[in-house]
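Me: I would like a close look at one part of this model. Please keep to what can be read from the structure.

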Amino acid sequence: MRIAVAVKQILDPEGITVNRRRERIFINREERIINPADKCALEAALRLKDAHGAEVIALSLGRPSADDALREALALGADQAVLISDKALAGIDAPTAAVVLARAIERLAPCDLVLVGQTAADTGGDQTAGRLAELLGLPQVLHAVTLSLDGERLKVVRLWDGRPIMVAVAPPALIAVSPLAPPARYPHGARILNAYRQMGVSVWTAGDLGFTAEELRPNIESRGQVFPPERELGNVIEGAPEQMAGEILALLRQRRLI
Amino acid sequence: MDFSLNEDQRMFVKMFEDFCANEVAPLAQETDHKEKPPLKQLEAASEQGFLGAIFPEKYDGAELDMISYALLMEHLGKACASTALTINVHVALVGSAILRHGTEEQKEELLPAMSAGEVIGAFALSESGAGSDAAALRTSAVCQGDRYILRGSKTWVTNAGIGQLLLVFARTSDEPGGKGISAFLVDVDTPGVRVGYREKTMGLRGLVANTVYFDGTEVPADRLLGQEGQGFAIALEALDLSRVGLSAICLGAAEAALENGTRFAVEHEQFGGPIALKQAIQNFIADSRAEVEAMRHLVHYAAWLAEQGDSRLRTQAAITKLICSEYAMRIANRMLQVHGGYGYMKEYAIERIYRDLRAMEIAEGTSQILRFLIARDQFAPHGISLRP
Amino acid sequence: MDFTLPKEYELLRRMIRDFARQEVAPLAKRIDIEEEVPREIIRKAAELGMMGVPFPQEYGGMGAGELGYCILMEEIGRVCTSTATVIGAHTGIGAMAIYLDGTPEQKKKYLTPLARGEKIAAFALTEANAGSDAAAIRTRAVRDGDDFILTGSKMFITNGPIADIVSVMAVTDPSLGPRGGITAFIVEMDWKGCSVGKVEDKMGIRGSGTSELVFDEVRVPKENILGQFGAGFVTFMKTLDVGRVSLGAACLGGAQAALERSIQWAKARSQFGKAIVHNQSIQWMIANMATEIEALRSLVYRTAWMVDTGQPFTRYAAMCKLYGSEVASRCISQAVQIYGALGYSRDLEIERMFRDARIAEIFEGTNEIQRIVIASDIMRQEGVRISP
């Protein structure tokens, strides 16, 4: 089995504060990490590898620093790593990114499974899974938490409105793994060193994937950012239970909610 | 100027030495290791009149002068800081406040019982949001006719778990600073008083300090100590005296550390001779001895000021406690170092003394607050009135 | 000059920090109270290579050198000194002796299971009257055919109660003294005659077992001589040198943790109507801590670099241990002060950190010995030989 896992390197959200009043985002600590959901996807792939044997290929579309994310994937147990990085790819939008990723995955063909994180913790886009599945012509399962092989079929426990349900799918397929899935293991220290000292990351440029500048032109133009309006604070009702119940009832009636 | 002890004081010293050697020192390790309240020691102390050390004889007290009291605390501190501090809170914090501000009825009722050890006093000032900052006290006492209703909670109430009498500081009005605070004498068994969690501490493990809750506690108006609004002044005055006692305890503990360190340096051999022959060890010992002697003079001077009722005591008590607590910690640290690996083992008294002394830079006013008080006093004549 | 940490070490640090925070920190309080580092933690650490960080991968180690090992000790030292001590005594001195002076066969047989964490190592030098003074060692190893008969007892041995393999220093020729008369041996604790004696009750690092090891006519084959016969002094001096660097790193972690907690508390605690961080006394403490910590960090990592690049580092290793232990104690004591009474309470970890930190000024050669090492090294270059 050959599994491609797409991992995105993001700024650690814990190092960021959002200042609503000044409508600005402050970066207090610039530390780049693997997007948490992508790391869960990688772990899901590695668990399949542990149980059934598989070749796990991590690929990342991003700036050159994404090399570190891929080294981490190698340290965790990925067999190969591919970095798609090119000045021509800087600043591309989500639809185009999906096209680039799709072509890279085709180049890695045949892949039995394509794993991605459900959502990116930086942009919160939630687009990659659906777009990739469509471009690759694969069935998709979203919000997956655990994956297991049952003969030829892949059994996936996914979250449906917060509750787990089981679905089965025959590979090839695309699975989007929830950030609530089991977290990644700790990499062995020696593997961390070897990931940098002995293992390699292939670098593919836009040209390697056969893209022309025209194809990479953005579909979306960003004209600035505005903050959504702040929600008003709710009312706190205090008092004896009967009194509080009465007040709540009155409020609900007043707003014609009951 | 006369630096000698008078005949009484010399006799007392002999008595304190015997008492501590027989009744306190042998129990010190057990008191610490098992976190045992020093009840046996208190009982023995009451038989000697030490629980009413500075009370007049008519209240069954020993009527010691303050120098003698400091000598008592020094000897107790040398033997067991937990026991010493328990008694210092009972006598110097709670007892002295009653002695100075109580009505004749309050004194007649409480002081003889305190001297006899039937009633142990506990001091309830700190709150979770108010340590050094009295203006932040939130425990309230609302006057309703002939009684006050207390609500709130106090933390680190020393002796609450073994005591009968709580000296509680509560807010009776919203006047700023300390002016709205009054002092109350509250029996632990009053309905609405609950003695809660006993603090688990690094050292001073015989000490019993608890959180105490007041949930609508009714206190009769005749349990008000002093006047309404006088509470904060009462607390500060009591702290002046107890800081003298605490400093004496530091002195005693430092002397114990120095004795232990000296003995170890003489007995332990390395590189072919006792380590006492090494200059590094000699310097440790010399610095510690010099600091012990400086502490002794500070303690006796502060005690003398207290005895005279001299107003300079306020700042001098702060100075004495600051220096004594920091010197004592330093000395214990060096003497532990002299012991090497042995000093880290619970078998050796220095291990306990070191943990005990770390409290002194914090208890009854942190070193930082004391420095503030001293600086404020220093700048006051220059037209600068410092605020914390 | 390039002070950047190589990228693989950045990732290594992140992995170890995550491990320390998630797997060790939540158990630190329990480790102190129950006086044991759970075997489960050791097993998990071993699975990630953390029990053999500086050793080559061919012997089951991580291959991360002294730099990687210092990173490990800093990050573990940040959350639990007991765990850092167990790992440190195992890796930094116990197994280190075999790595530095073992034959390829000894490394294959002993270092490999130690580096993988399948077995636990200890280092046995200290005796009742011989710590830093090697000439006073009494444990004897007498030749008997191809074997040696080892008799004596070692004290204050970290990991003593759990060790499987111990590097033991013994006298093989009393007439020669430390130079030529002492030999190091690799001893398996399940051999006949080996036993664990008295287990010490300590002020801190209570999760790390310290005990006596008793050798009663233990038969040691000559293949287990570690290093040159008669050159045990050289073996243990070399080993202790390396161990001191990582001990400095563990102290760095402890100091850093104290600073971080102090900052958090100084922001959160309010007195006199403002967060206490707005007092200059507190700002000074934080600035001093941060400055000393940065100086220590530079010293430790530069020395690690010297070790990894094969430069002489004895003097600097002693400085790491000396300065590291003093910075850690000072920082943690200031953290106690900033926390006030809460810092003295066993409910918060500051109290444990304070007790734990104190040992670093003592073990692996007291700080007094480190000063002698540093001064001797300096003066040797001036043509002066110093005897302790």
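In which sense do strand β8 and strand β12 of chain A pair, and over how many bridges? Please also describe the sheet around them and what packs on it.

Reply: The model is predicted. In chain A, strand β8 (residues 113–117) and strand β12 (residues 173–177) pair in the parallel sense, over five bridges. One of the residues involved is A:Leu113, whose bridge partner in β12(A) is A:Ala173.

Both strands belong to an open sheet of nine strands in chain A, with mixed pairing. The strand order is β11-β10-β9-β12-β8-β1-β6-β7-β13. The edges are taken by β11 (163–169) and β13 (202–204) of chain A; each has a single partner strand, so one side of each is left without a neighbour in the sheet. From one strand to the next, the twist averages 30 degrees.

Helix α1 (residues 36–52) of chain A lies across β1 (2–6), β6 (55–61), β8, β9 (140–150), β10 (153–160) and β12 of chain A.

Terms used. Residues numbered from 1 in each chain as written. Chains lettered and ligands numbered in written order. Predicted model: local features only at pLDDT ≥ 70, side-chain atom pairs only at ≥ 80, totals over all residues. Heavy atoms only, no water. Pairing = 2+ DSSP bridges. Helix = DSSP H or I, 4+ residues; strand = E, 2+ residues; numbered from the N terminus. Axes fitted to C-alpha atoms, helices over the stretch in contact; angles between N-to-C directions. Contact = heavy atoms within 4.5 Å.
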